[in-house]
Amino acid sequence: MSDERDRLEKPSNAAAIRAKLREIVPSAFSEGELDAAKLESLLDADGESSGTERYELSWAGKREATARAQAATEQTLVPRPDESVDYGESGNHFIEGENLATLKTLQRSYQQRIKMIYLDPPYNTGSDFIYKDDYSTAAADYERETGQRTADGDKLVSNPETNGRYHSDWLSMMYPRLFLGRNLLRNDGAIFVSIDHNEHHNLRHLMDEIYGEDNYVGTFVWKRRTPDARNSGGMSIDHEYVVVYQRSDAFEMRGVEKSFDNYTNPDDDPRGPWVAGDLKNSRTKDERPTMFYEITDPETGHTYQPDPNSVWRLGEETMRQYIEEGRILFPDDGEGVPKFKRFQNEIESRYKPLSSWIETTTTDEDIELFEDAFDRTVLQTGMTGTATRELKSLFGYKAYDFPKSTDLIRKLIRHSVDGGDIVLDFFAGSGTTGHAVMQLNATEEFDDPVRFMLVQLDDELDEPRGEETTHAEVCERRLRLASEQVADDHDLPGAAPGLGFDKYTLGESRFERWGRPDTESEARAALERYAAGAGSAVDLTDPDAALVEVQLLLGFSLDAAVEALADHTYHLSEDDRDALVTFAESVTYETLTEFDLPADTQYVCLDGSLSDTDKERLNRDLSLRTI
């Protein structure tokens with residue numbers, strides 16, 4: 001008998017035991033592996049195991065994911081004016097680059113400035129690609145070492161269901177991004193995350209941990225397609241979810257605006273328009289005994305008996321007060337049921353709550369607003385097919401798989417932001433969020449344009465689509481085409497507010513960082529340069545890029561006002577903050593203070609560009625920072 005036959009006839013005892021255990025106690029297994037601690041707790045019939053227990057979400061790699069959220073980045077944003085549309089005018093921003101590093105570059109400048117975050121992250125379906133992060137090595141090496149960038153240029157790694165850390169890897173990828181995203185949300189802001197059944201449960205637990213259970217607003221259920229007859233499991237999963245968390249209870253979703261057309265004032269009541277409200281409710285005499293009493297019309301003396309199956313809506317004392325105020329409408333002939341005046345000026349909110357069930361069939365209002373962009377029958381079909389056709393109508397070919405519907409995102413934005421607010425999407429995909437914002441801006445629904453900030457990695461498409469080979473190229477081209485199309489459809493000028501975008505790419509710092517050399521010889525050389533008074537080294541081949549980096553480091557947004565004062569010297573101003581930034585190699589106290597700037601202006605210059613005497617004067621008299 002061969003060795004191969006011996007091996008086949010003698011299965012591993014450990015494997016057999018593990019298989020039997022999985023059959024008996026499946027809860028002792030996590031991500032396909034036996035969890036000995038879980039098994040021990042299941043066998044602890046008396047509950048005498050030591051250790052403090054608490055409800056928490058834990059996974060393999062959580063500690064590392066938490067550390068990644070806190071780790072610094074040496075990368076920054078590089079402006080690309082020539083690749084933008086109406087650069088510096090639209091208030092919109094498109095950033096091409098890895099989203100975790102990008103979020104870190106935005107932490108100072110956009111902390112608590114974002115009103116709404118919408119995300120459509122990888123769903124972890126088993127064939128998705130997810131980000132593989134590792135900042136333990138230099139930025140130039142980590143992509144190669146972690147497999148994010150292959151010879152073909154891919155920056156993502158697949159996450160098959162056979163992976164022993166299938167859910168853990170997804171959670172480790174999402175945690176630092178959601179954590180940093182929360183820092184950017186305003187106190188009255190909220191985050192909306194699209195997801196399907198694969199990770200919906202884990203996303204909820206993760207968001208509970210980052211935002212707090214009390215800040216869970218709710219979950220929309222989005223019917224994205226019609227039933228699929230090809231489904232072999234007996235159930236066609238036709239919906240996805242949009243999970244909503246607020247930064248604090250200061251957030252308010254407006255809901256659907258109420259119609260007050262039926263409020264009139266036929267009797268010239270000084271309290272204004274009113275409608276006749278029902279005095280009865282659905283409670284019985286046994287459920288609401290205090291609401292079970294008779295009432296009398298003071299003018300006719302006719303008495304109205306309560307209904308034991310549908311008692312009065314008001315308590316007896318409130319009913320008496322309403323009768324005295326003339327708010328109870330008694331029938332003229334004594335027949336029927338009294339009603340009460342519900343005044344329009346007493347309505348606390350102009351909005352009805354949004355339903356948690358979202359149908360993607362576009363409304364008649366949307367069809368009127370956007371019917372020039374694509375065929376009416378396409379709009380009315382709704383669902384995922386609508387989004388695919390909408391994108392194809394822009395590109396002339398199928399440019400992206402499974403894009404989100406602008407209809408869905410418009411609905412969410414409409415009820416969550418005001419004019420001038422910023423919507424952030426750092427899993428931008430094909431750019432649906434930016435397209436939806438442009439469409440809303442074109443309708444003049446808001447007094448000031450809503451602004452968007454999109455972040456998309458330049459990872460390669462599975463196969464080239466037209467001229468585009470990467471996801472970032474698809475996103476950028478869609479923004480260009482959408483800007484043109486929306487302007488044409490609404491007869492707007494090409495540079496209409498809210499329709500263009502400023503493009504940035506994620507790049508390396510243009511400043512030499514003291515104390516971060518890669519080798520001992522580099523460290524020695526840096527110290528020698530510093531001892532010789534060389535000061536900081538800055539790459540000024542692109543002064544605008546250097547200035548943007550300083551803007552972000554100082555906490556100014558990308559939209560801060562910039563005034564050139566002299567060669568390589570600039571005045572930044574935003575929200576009652578001012579800064580003078582100079583990259584000149586040699587400056588004096590007098591040259592920095594000759595400009596007419598506010599008294600609390602912060603002065604920023606290169607380390608080594610000032611004499612010790614001038615540096616002491618600036619430190620004593622003004623706010624000084626060196627780079």
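Predicted model: local features only at pLDDT ≥ 70, side-chain atom pairs only at ≥ 80, totals over all residues.
Asp278 stands opposite Lys339, a residue of strand E16.

Strand E16 covers residues 339-343, and five bridges join it to E12 in the antiparallel sense. These two strands belong to an open sheet of three strands, whose order is E12-E16-E15 and whose pairing is antiparallel. Strand E12, residues 274-278, and strand E15, residues 328-329, stand at the edges with a single partner strand each, so one side of each has no neighbour in the sheet.

Is strand E25 buried or exposed? Five of its six residues, within the range 569-574, are buried, so E25 is largely enclosed by the rest of the structure.

Which strands pair with E25? On one hand there is E24, residues 561-566, which pairs with E25 in the antiparallel sense over five bridges. Within this pairing, Glu563 stands opposite His571 of E25. The two strands form a hairpin with two residues between them. In that turn, His568 has a positive phi of about 60°.

On the other hand there is E26, residues 577-582, which runs antiparallel to E25 and is joined to it by six bridges. Here the bridge partner of Tyr570 is Val581, in E26. E25 and E26 likewise form a hairpin with two residues between them, and Asp575 in the turn has a positive phi of about 50°.

Key. Residues numbered from 1 in each chain as written. Heavy atoms only, no water. Buried < 20%, exposed > 50% of the residue type's maximum accessible area, 1.4 Å probe, protein only. Helix = DSSP H or I, 4+ residues; strand = E, 2+ residues; numbered from the N terminus. Pairing = 2+ DSSP bridges.
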